[in-house]
Amino acid sequence: MPFRPRYTGLIDKYRDRLPVPDDARVISLGEGNTPLIRLNNIPRKIGKNVDLYVKFEGLNPTGSFKDRGMTMAVTEAVEQGSQAIICASTGNTSASAAAYAARAGIQSFVLIPDGKIAMGKLAQAIMHGARVLQIEGNFDDGMRLVKELAAHAPVTIVNSINPYRLQGQKTAAFEIVEELERAPDFHCLPVGNAGNITAHWIGYCECSGRGEGALTQACSFCKGSCRYASAIVGDRPVMVGYQAAGANPFLRGEMVDEPDTVATAIRIGHPQSWDQAWAASRESGGWFDQFEDSEILTAQRLLADHDGVFCEPASAISVAGALRDIRSGRIPEGSTVVCTLTGHGLKDPDVAIRQAGDAIVKVAAELDAVKRAILDRL
Ligand SMILES: *Cc1c(COP(=O)(O)O)cnc(C)c1O
(Lines give C-alpha, C1' and ligand atoms only; values in the text may rest on other atoms or scores of the structure.)
Protein backbone atom coordinates (compact mmCIF):
# COMPACT_ATOMS: atom_id res chain seq x y z
CA MET A 1 0.00 0.00 0.00
CA PRO A 2 1.34 3.44 -0.87
CA PHE A 3 2.09 5.61 2.11
CA ARG A 4 -0.41 8.40 2.73
CA PRO A 5 0.40 10.92 5.43
CA ARG A 6 -2.18 11.17 8.19
CA TYR A 7 -4.51 14.16 7.73
CA THR A 8 -3.81 16.57 10.58
CA GLY A 9 -5.93 19.59 9.77
CA LEU A 10 -6.02 22.45 7.32
CA ILE A 11 -3.12 24.49 8.73
CA ASP A 12 -0.71 21.62 8.18
CA LYS A 13 -2.11 20.99 4.72
CA TYR A 14 -2.19 24.58 3.47
CA ARG A 15 0.58 26.11 5.52
CA ASP A 16 2.18 27.77 2.50
CA ARG A 17 -1.06 29.60 1.75
CA LEU A 18 -1.90 30.68 5.30
CA PRO A 19 -0.42 33.39 7.52
CA VAL A 20 0.96 31.04 10.19
CA PRO A 21 4.53 31.32 11.48
CA ASP A 22 6.63 28.21 10.83
CA ASP A 23 7.23 27.55 14.52
CA ALA A 24 3.66 28.23 15.68
CA ARG A 25 2.00 25.77 18.02
CA VAL A 26 -0.93 24.70 15.85
CA ILE A 27 -4.27 24.29 17.64
CA SER A 28 -6.16 21.78 15.53
CA LEU A 29 -8.86 19.15 15.83
CA GLY A 30 -8.37 17.82 12.31
CA GLU A 31 -10.84 20.26 10.73
CA GLY A 32 -11.38 20.55 6.97
CA ASN A 33 -11.12 17.75 4.41
CA THR A 34 -14.93 17.50 4.35
CA PRO A 35 -16.75 15.46 1.70
CA LEU A 36 -18.05 16.98 -1.52
CA ILE A 37 -21.14 14.87 -2.10
CA ARG A 38 -22.72 14.70 -5.55
CA LEU A 39 -26.50 14.74 -5.29
CA ASN A 40 -28.10 12.05 -7.41
CA ASN A 41 -31.77 11.94 -6.57
CA ILE A 42 -32.69 15.60 -6.27
CA PRO A 43 -31.50 16.73 -9.75
CA ARG A 44 -33.35 13.75 -11.26
CA LYS A 45 -36.46 14.69 -9.32
CA ILE A 46 -36.50 18.21 -10.74
CA GLY A 47 -35.64 16.94 -14.23
CA LYS A 48 -32.64 19.19 -14.76
CA ASN A 49 -29.24 18.21 -16.01
CA VAL A 50 -26.83 19.78 -13.55
CA ASP A 51 -23.83 18.57 -11.60
CA LEU A 52 -25.01 19.46 -8.13
CA TYR A 53 -22.69 18.97 -5.17
CA VAL A 54 -22.97 19.70 -1.48
CA LYS A 55 -19.85 20.45 0.54
CA PHE A 56 -20.83 18.96 3.89
CA GLU A 57 -19.19 21.27 6.38
CA GLY A 58 -21.34 19.75 9.10
CA LEU A 59 -18.69 17.03 9.28
CA ASN A 60 -16.08 19.31 10.79
CA PRO A 61 -15.04 18.43 14.38
CA THR A 62 -17.69 20.57 16.08
CA GLY A 63 -20.22 20.19 13.30
CA SER A 64 -19.88 23.42 11.34
CA PHE A 65 -17.52 25.28 9.01
CA LYS A 66 -16.64 27.61 11.89
CA ASP A 67 -13.84 25.17 12.81
CA ARG A 68 -11.90 26.15 9.67
CA GLY A 69 -11.63 29.70 10.88
CA MET A 70 -11.27 28.81 14.54
CA THR A 71 -8.12 26.70 14.11
CA MET A 72 -6.50 29.79 12.60
CA ALA A 73 -7.90 32.32 15.06
CA VAL A 74 -7.00 30.29 18.14
CA THR A 75 -3.57 29.31 16.83
CA GLU A 76 -2.87 33.01 16.31
CA ALA A 77 -4.34 34.00 19.69
CA VAL A 78 -2.08 31.50 21.45
CA GLU A 79 0.86 32.69 19.35
CA GLN A 80 0.19 36.23 20.63
CA GLY A 81 0.12 34.99 24.22
CA SER A 82 -3.62 35.45 24.68
CA GLN A 83 -5.14 33.67 27.68
CA ALA A 84 -8.78 34.08 26.67
CA ILE A 85 -10.99 34.37 23.62
CA ILE A 86 -14.46 35.83 23.25
CA CYS A 87 -17.18 35.81 20.62
CA ALA A 88 -20.78 36.71 20.00
CA SER A 89 -22.57 33.79 18.46
CA THR A 90 -25.82 32.45 17.12
CA GLY A 91 -24.42 29.11 18.33
CA ASN A 92 -21.86 27.53 16.05
CA THR A 93 -19.10 30.05 16.60
CA SER A 94 -19.43 29.56 20.35
CA ALA A 95 -19.34 25.76 20.02
CA SER A 96 -16.22 25.98 17.91
CA ALA A 97 -14.51 28.66 20.01
CA ALA A 98 -15.15 26.66 23.17
CA ALA A 99 -13.70 23.47 21.69
CA TYR A 100 -10.55 25.09 20.31
CA ALA A 101 -10.02 27.05 23.53
CA ALA A 102 -10.26 23.78 25.45
CA ARG A 103 -7.73 22.24 23.09
CA ALA A 104 -5.40 25.21 23.59
CA GLY A 105 -5.88 25.27 27.36
CA ILE A 106 -7.24 28.82 27.46
CA GLN A 107 -10.56 30.29 28.61
CA SER A 108 -13.48 31.04 26.27
CA PHE A 109 -16.34 33.47 26.79
CA VAL A 110 -19.37 33.34 24.54
CA LEU A 111 -22.26 35.78 24.24
CA ILE A 112 -25.38 34.12 22.93
CA PRO A 113 -28.84 35.55 22.26
CA ASP A 114 -31.59 35.03 24.78
CA GLY A 115 -33.47 31.96 23.50
CA LYS A 116 -33.29 31.20 19.76
CA ILE A 117 -30.17 29.09 20.08
CA ALA A 118 -30.15 25.50 18.93
CA MET A 119 -29.84 22.98 21.76
CA GLY A 120 -26.88 21.10 20.32
CA LYS A 121 -24.80 24.24 20.06
CA LEU A 122 -25.51 25.31 23.62
CA ALA A 123 -24.63 21.83 24.87
CA GLN A 124 -21.30 22.00 23.10
CA ALA A 125 -20.33 25.38 24.56
CA ILE A 126 -21.16 24.11 28.05
CA MET A 127 -19.30 20.82 27.69
CA HIS A 128 -16.18 22.50 26.32
CA GLY A 129 -15.99 24.73 29.38
CA ALA A 130 -17.01 28.07 27.93
CA ARG A 131 -18.38 30.75 30.20
CA VAL A 132 -21.75 31.26 28.54
CA LEU A 133 -23.30 34.71 28.81
CA GLN A 134 -26.86 34.69 27.61
CA ILE A 135 -27.61 38.32 26.82
CA GLU A 136 -31.03 39.90 26.73
CA GLY A 137 -30.71 40.77 23.07
CA ASN A 138 -29.95 39.29 19.67
CA PHE A 139 -26.71 38.40 17.87
CA ASP A 140 -26.16 41.94 16.66
CA ASP A 141 -26.33 43.23 20.25
CA GLY A 142 -23.83 40.57 21.28
CA MET A 143 -21.48 41.54 18.46
CA ARG A 144 -21.58 45.20 19.46
CA LEU A 145 -20.84 44.32 23.09
CA VAL A 146 -17.94 42.02 22.18
CA LYS A 147 -16.32 44.75 20.12
CA GLU A 148 -16.71 47.25 22.95
CA LEU A 149 -15.51 44.79 25.56
CA ALA A 150 -12.31 43.80 23.75
CA ALA A 151 -11.06 47.36 24.25
CA HIS A 152 -11.48 46.95 28.03
CA ALA A 153 -10.37 43.38 28.75
CA PRO A 154 -7.46 41.15 27.68
CA VAL A 155 -9.49 38.90 25.43
CA THR A 156 -9.09 38.07 21.74
CA ILE A 157 -12.18 38.37 19.55
CA VAL A 158 -12.69 35.25 17.43
CA ASN A 159 -15.70 36.39 15.45
CA SER A 160 -15.17 36.62 11.70
CA ILE A 161 -14.04 40.24 12.05
CA ASN A 162 -10.83 38.52 13.17
CA PRO A 163 -9.10 38.24 9.77
CA TYR A 164 -7.54 34.88 10.62
CA ARG A 165 -11.03 33.38 10.61
CA LEU A 166 -11.55 34.16 6.94
CA GLN A 167 -8.07 32.91 6.11
CA GLY A 168 -8.95 29.51 7.55
CA GLN A 169 -12.37 29.45 5.93
CA LYS A 170 -10.98 30.16 2.44
CA THR A 171 -9.51 26.62 2.44
CA ALA A 172 -12.96 25.20 1.68
CA ALA A 173 -12.60 26.72 -1.79
CA PHE A 174 -9.15 25.12 -2.15
CA GLU A 175 -10.59 21.70 -1.36
CA ILE A 176 -13.42 22.09 -3.87
CA VAL A 177 -11.03 23.15 -6.64
CA GLU A 178 -8.72 20.23 -5.85
CA GLU A 179 -11.54 17.75 -5.96
CA LEU A 180 -13.29 19.01 -9.09
CA GLU A 181 -9.93 19.89 -10.68
CA ARG A 182 -11.56 23.21 -11.56
CA ALA A 183 -13.73 25.82 -9.90
CA PRO A 184 -17.49 25.21 -10.03
CA ASP A 185 -19.61 27.48 -12.25
CA PHE A 186 -21.79 28.54 -9.32
CA HIS A 187 -21.22 28.48 -5.59
CA CYS A 188 -24.32 28.87 -3.42
CA LEU A 189 -24.23 29.59 0.28
CA PRO A 190 -26.23 30.95 3.19
CA VAL A 191 -25.35 34.48 4.23
CA GLY A 192 -25.53 35.70 7.82
CA ASN A 193 -22.58 37.77 8.94
CA ALA A 194 -21.27 37.28 5.37
CA GLY A 195 -17.82 36.12 6.43
CA ASN A 196 -18.07 32.78 4.69
CA ILE A 197 -19.09 34.08 1.26
CA THR A 198 -16.18 36.51 1.55
CA ALA A 199 -13.75 33.76 2.59
CA HIS A 200 -14.79 31.51 -0.29
CA TRP A 201 -14.29 34.34 -2.75
CA ILE A 202 -10.79 34.97 -1.34
CA GLY A 203 -10.05 31.26 -1.73
CA TYR A 204 -11.28 31.07 -5.31
CA CYS A 205 -9.42 34.23 -6.27
CA GLU A 206 -6.22 32.78 -4.90
CA CYS A 207 -6.77 29.49 -6.74
CA SER A 208 -7.36 31.29 -10.01
CA GLY A 209 -4.11 33.17 -9.68
CA ARG A 210 -6.06 36.34 -9.25
CA GLY A 211 -5.32 36.74 -5.59
CA GLU A 212 -4.30 40.33 -6.18
CA GLY A 213 -7.87 41.58 -5.91
CA ALA A 214 -9.10 44.10 -3.42
CA LEU A 215 -10.17 41.39 -1.01
CA THR A 216 -6.86 39.65 -0.51
CA GLN A 217 -5.02 42.93 -0.34
CA ALA A 218 -7.34 43.82 2.50
CA CYS A 219 -5.71 41.07 4.53
CA SER A 220 -3.39 43.52 6.22
CA PHE A 221 -2.32 41.03 8.87
CA CYS A 222 -0.32 38.76 6.63
CA LYS A 223 0.79 41.69 4.44
CA GLY A 224 0.14 39.59 1.37
CA SER A 225 2.30 36.65 2.41
CA CYS A 226 -0.68 34.34 2.31
CA ARG A 227 -1.38 35.11 -1.32
CA TYR A 228 -1.38 32.06 -3.46
CA ALA A 229 -0.66 32.84 -7.05
CA SER A 230 0.84 29.69 -8.51
CA ALA A 231 -1.14 27.15 -10.50
CA ILE A 232 -4.04 28.67 -12.36
CA VAL A 233 -6.95 26.29 -12.21
CA GLY A 234 -9.52 27.95 -14.38
CA ASP A 235 -12.16 30.48 -13.66
CA ARG A 236 -13.89 31.57 -10.52
CA PRO A 237 -17.47 30.69 -9.74
CA VAL A 238 -20.44 33.00 -9.64
CA MET A 239 -21.12 33.55 -5.93
CA VAL A 240 -24.77 33.32 -4.95
CA GLY A 241 -25.84 34.24 -1.42
CA TYR A 242 -29.16 33.37 0.18
CA GLN A 243 -30.82 34.92 3.20
CA ALA A 244 -33.94 34.27 5.23
CA ALA A 245 -36.75 36.65 4.34
CA GLY A 246 -36.89 37.76 7.98
CA ALA A 247 -33.16 38.51 8.14
CA ASN A 248 -32.39 39.91 4.70
CA PRO A 249 -30.17 43.02 4.80
CA PHE A 250 -28.54 42.15 1.47
CA LEU A 251 -31.93 42.06 -0.23
CA ARG A 252 -33.05 45.31 1.33
CA GLY A 253 -29.72 47.02 0.81
CA GLU A 254 -29.71 48.13 4.42
CA MET A 255 -29.34 46.75 7.92
CA VAL A 256 -32.28 45.00 9.59
CA ASP A 257 -32.92 45.73 13.27
CA GLU A 258 -35.19 42.87 14.34
CA PRO A 259 -34.05 39.85 12.31
CA ASP A 260 -36.12 36.71 12.70
CA THR A 261 -36.00 33.23 11.13
CA VAL A 262 -36.16 29.57 12.08
CA ALA A 263 -32.63 29.35 10.66
CA THR A 264 -31.03 30.74 13.81
CA ALA A 265 -27.49 30.56 12.41
CA ILE A 266 -28.34 33.31 9.93
CA ARG A 267 -30.58 35.36 12.21
CA ILE A 268 -28.36 38.40 11.73
CA GLY A 269 -29.43 41.89 10.69
CA HIS A 270 -26.14 43.76 10.78
CA PRO A 271 -23.60 41.68 8.80
CA GLN A 272 -20.01 42.45 9.71
CA SER A 273 -18.58 41.62 6.27
CA TRP A 274 -21.05 43.85 4.43
CA ASP A 275 -18.68 45.56 1.96
CA GLN A 276 -16.63 42.42 1.31
CA ALA A 277 -19.70 40.34 0.51
CA TRP A 278 -20.99 42.97 -1.90
CA ALA A 279 -17.56 42.98 -3.54
CA ALA A 280 -17.60 39.19 -3.89
CA SER A 281 -21.08 39.30 -5.38
CA ARG A 282 -20.25 42.10 -7.80
CA GLU A 283 -16.84 40.80 -8.90
CA SER A 284 -18.21 37.31 -9.52
CA GLY A 285 -21.36 38.45 -11.30
CA GLY A 286 -23.48 36.91 -8.56
CA TRP A 287 -26.68 37.81 -6.75
CA PHE A 288 -28.57 37.54 -3.46
CA ASP A 289 -31.99 36.05 -2.94
CA GLN A 290 -34.26 35.27 0.00
CA PHE A 291 -36.48 32.48 1.30
CA GLU A 292 -39.37 32.07 3.70
CA ASP A 293 -38.84 29.76 6.68
CA SER A 294 -41.22 27.18 5.23
CA GLU A 295 -39.12 26.97 2.05
CA ILE A 296 -35.96 26.55 4.11
CA LEU A 297 -37.45 23.67 6.09
CA THR A 298 -38.79 22.02 2.93
CA ALA A 299 -35.30 22.05 1.42
CA GLN A 300 -33.81 20.67 4.64
CA ARG A 301 -36.27 17.78 4.58
CA LEU A 302 -35.82 17.17 0.85
CA LEU A 303 -32.07 16.87 1.19
CA ALA A 304 -32.35 14.57 4.19
CA ASP A 305 -34.96 12.21 2.77
CA HIS A 306 -33.91 12.20 -0.90
CA ASP A 307 -30.14 12.27 -0.70
CA GLY A 308 -29.39 11.22 2.88
CA VAL A 309 -27.71 14.42 4.02
CA PHE A 310 -28.97 16.04 7.22
CA CYS A 311 -27.93 19.66 7.57
CA GLU A 312 -29.22 22.40 9.83
CA PRO A 313 -31.90 24.82 8.58
CA ALA A 314 -29.53 27.69 7.76
CA SER A 315 -27.46 25.36 5.58
CA ALA A 316 -30.47 24.12 3.65
CA ILE A 317 -31.12 27.58 2.26
CA SER A 318 -28.19 27.07 -0.13
CA VAL A 319 -29.99 24.07 -1.63
CA ALA A 320 -33.36 25.84 -1.64
CA GLY A 321 -31.66 28.66 -3.54
CA ALA A 322 -29.77 26.50 -5.99
CA LEU A 323 -32.91 24.54 -6.84
CA ARG A 324 -34.97 27.68 -7.42
CA ASP A 325 -32.28 29.15 -9.66
CA ILE A 326 -31.76 25.87 -11.54
CA ARG A 327 -35.50 25.53 -12.14
CA SER A 328 -35.79 29.11 -13.39
CA GLY A 329 -32.74 28.72 -15.65
CA ARG A 330 -30.82 31.49 -13.91
CA ILE A 331 -28.34 28.69 -13.26
CA PRO A 332 -28.27 27.06 -16.72
CA GLU A 333 -28.38 23.32 -17.39
CA GLY A 334 -24.95 21.78 -17.77
CA SER A 335 -23.57 23.85 -14.88
CA THR A 336 -21.45 22.54 -12.05
CA VAL A 337 -22.92 23.86 -8.82
CA VAL A 338 -21.62 23.58 -5.27
CA CYS A 339 -23.79 24.33 -2.24
CA THR A 340 -22.13 24.78 1.13
CA LEU A 341 -23.91 22.90 3.89
CA THR A 342 -22.58 24.99 6.73
CA GLY A 343 -23.67 22.91 9.74
CA HIS A 344 -24.95 19.50 10.81
CA GLY A 345 -28.65 18.79 11.26
CA LEU A 346 -28.03 17.27 14.69
CA LYS A 347 -27.22 20.74 15.97
CA ASP A 348 -30.89 21.58 16.00
CA PRO A 349 -32.94 18.45 16.72
CA ASP A 350 -35.91 20.47 17.99
CA VAL A 351 -36.65 21.95 14.59
CA ALA A 352 -36.48 18.51 12.99
CA ILE A 353 -38.72 16.82 15.53
CA ARG A 354 -41.29 19.58 15.35
CA GLN A 355 -41.79 18.59 11.71
CA ALA A 356 -42.18 14.90 12.48
CA GLY A 357 -45.72 14.73 11.13
CA ASP A 358 -46.77 11.09 10.82
CA ALA A 359 -43.20 9.75 10.95
CA ILE A 360 -43.75 8.59 14.52
CA VAL A 361 -46.48 5.99 15.05
CA LYS A 362 -47.49 4.71 18.48
CA VAL A 363 -48.16 0.98 18.44
CA ALA A 364 -48.80 -1.71 21.00
CA ALA A 365 -45.84 -3.99 21.78
CA GLU A 366 -47.45 -6.85 19.83
CA LEU A 367 -46.45 -8.47 16.55
CA ASP A 368 -49.80 -7.81 14.90
CA ALA A 369 -49.80 -4.10 15.63
CA VAL A 370 -46.22 -3.69 14.41
CA LYS A 371 -46.96 -5.75 11.30
CA ARG A 372 -49.95 -3.59 10.45
CA ALA A 373 -47.93 -0.42 10.85
CA ILE A 374 -45.24 -1.73 8.52
CA LEU A 375 -47.48 -3.20 5.82
CA ASP A 376 -49.25 0.14 5.78
CA ARG A 377 -46.14 1.66 4.20
CA LEU A 378 -44.96 -1.11 1.85
C1 LIG B 1 -22.18 30.92 10.84
C2 LIG B 1 -23.14 30.16 10.04
C3 LIG B 1 -23.71 30.66 8.85
C4 LIG B 1 -23.45 32.05 8.36
O5 LIG B 1 -22.15 32.28 7.91
P6 LIG B 1 -21.63 33.77 7.80
O7 LIG B 1 -20.19 33.66 7.57
O8 LIG B 1 -21.97 34.44 9.10
O9 LIG B 1 -22.37 34.41 6.66
C10 LIG B 1 -24.54 29.85 8.13
N11 LIG B 1 -24.86 28.62 8.55
C12 LIG B 1 -24.35 28.10 9.67
C13 LIG B 1 -24.76 26.74 10.09
C14 LIG B 1 -23.49 28.85 10.47
O15 LIG B 1 -23.00 28.33 11.59
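Arg330 lies over the face of Trp287, at 4.2 Å from the ring centre. A charge counts as sitting over a ring if NZ of Lys or CZ of Arg is within 6 Å of the ring centre and within 35 degrees of the ring normal. A further example is Arg17, whose charged end sits over the ring of Phe174, 4.3 Å from its centre. The model is predicted, so local features need pLDDT of at least 70 and side-chain atom pairs count only at pLDDT 80 or more, while totals for chains, interfaces and linings use all residues. Residues are numbered from 1 along each chain as its sequence is written, and side-chain values use heavy atoms, with hydrogens and water left out.

Rings also meet other rings. A pair of aromatic rings is described by the distance of the centres and the angle of the planes. Rings of Phe, Tyr and Trp (its six-membered ring) pair if their centres lie within 6.5 Å; planes under 30 degrees apart count as stacked, over 60 as edge-to-face and the rest as tilted. Searching the whole structure finds eight aromatic pairs. One of them joins Tyr242 and Phe291 in an edge-to-face arrangement, 5.6 Å centre to centre and with 70° between the planes. This pair links distant parts of the chain, since Tyr242 belongs to strand E8 (residues 238-244) and Phe291 to strand E9 (residues 287-291), 49 residues apart. Helices (H or I, at least four residues) and strands (E, at least two) are DSSP runs, numbered from the N terminus. Both Tyr242 and Phe291 are buried, where buried means under 20% relative accessible area, exposed over 50%, and partly exposed in between (1.4 Å probe, protein chains only). Elsewhere, ring pairs link Phe250, Trp274, Trp278 and Phe288 into a cluster.

Strands of a sheet pair through backbone hydrogen bonds, either parallel or antiparallel; here, two strands pair if DSSP finds at least two bridges between them. Six strands form an open sheet with mixed pairing, in the order E1-E2-E10-E7-E8-E9. Its edge strands are E1 and E9, each of which pairs on one side only. On average, neighbouring strands of this sheet are turned by 25° against each other, direction ignored. E8 and E9 pair in the parallel sense over five bridges, and Tyr242 stands opposite Asp289 in E9.

Strand E4 (residues 107-113) and strand E5 (residues 131-135) likewise pair in the parallel sense, over five bridges. Phe109 stands opposite Arg131 in E5. With helix H5 (residues 119-127), E4 and E5 make a right-handed β-α-β unit; right-handed means that, with the strands pointing away from the viewer, the path from the first strand over the helix to the second runs clockwise.

How many of the 16 residues of helix H14 are buried? The count is 13, so H14 is largely enclosed by the rest of the structure. At 1.5 Å a residue, H14 (residues 313-328) should span 22 Å, and its end C-alpha atoms are 23 Å apart, which agrees. The expected span is 1.5 Å times one less than the number of residues. Gly329, which follows H14, has a positive phi near 90°.

Asn33 is found in the loop between helix H1 (10-13) and strand E1 (36-38), and is partly exposed with a relative accessible area of 48%. Ala194 is found in the loop between strand E7 (186-190) and helix H9 (195-207), and counts as buried at 3% relative accessibility.

How values were computed
Axes are lines fitted to C-alpha atoms, for helices over the stretch in contact, and angles run from 0 to 180 degrees between N-to-C directions.
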